[in-house]
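Let's take a walk through this protein together. Have a look at the sequence and the 3D picture, then read on.

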Amino acid sequence: MSIEIDETLKRLSSRRGVKAVVILNADGQAIRSTLDEEMTKQYGQLISALVQQAKTTVSSLDEQNDLTFLRVRTKKHEIMIAPDHEYLLIVVQNPQEAMQ
């Protein structure tokens, strides 16, 4: 499993515009990250909380539905979040660089 995670991290990090990749376990603890420890912890805590709220919202609207992907775009970055049962994948990119 560790080799798959490392390969995914390397592949995503090499994409144009990607500024950071963070992989969290189901408890919100970082497994791998391209960010420093403090930023990894901050992204992990905040994004985990956001995903939990989004999952609750989606489930409240339709009990048969589930959150599969979340994209948040700000003036500076785009944060793409892929929640799974065991992992949470977070990719932070500069959308202007990614489109060039």
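Accessible areas here come from the Shrake-Rupley method with a 1.4 Å probe, and for residues only the protein chains shown count as cover. By that method the protein chain exposes about 7,000 Å², with carbon and sulfur atoms supplying 49% of it. Keep in mind that this is a predicted model, where local features need pLDDT of at least 70, side-chain atom pairs count only at pLDDT 80 or more, and totals for chains, interfaces and linings use all residues. Residues are numbered from 1 along each chain as its sequence is written, and side-chain values use heavy atoms, leaving out hydrogens and water.

Now for the fold. You'll find three helices and five strands in the protein chain (DSSP runs numbered from the N terminus: helices are H or I with at least four residues, strands are E with at least two). Starting at the N terminus, their order is α-β-β-α-β-β-β-α. Of the chain's 100 residues, 32% count as buried, meaning under 20% relative accessible area (1.4 Å probe, protein chains only).

Let's zoom in on one residue. Glu78 sits in strand β4, which covers residues 78-83. Is Glu78 buried or exposed? Glu78 is buried, because its relative accessible area is 6%. Which side chains make polar contacts with the side chain of Glu78? One is Arg71, at 3.0 Å, and another is Gln93, at 2.7 Å. A polar contact is a pair of N or O atoms within 3.5 Å; within protein, one must be able to donate a hydrogen and the other to accept it, and residues adjacent in sequence count only if both atoms are side-chain atoms.

Notes:
Buried < 20%, exposed > 50% of the residue type's maximum accessible area, 1.4 Å probe, protein only.
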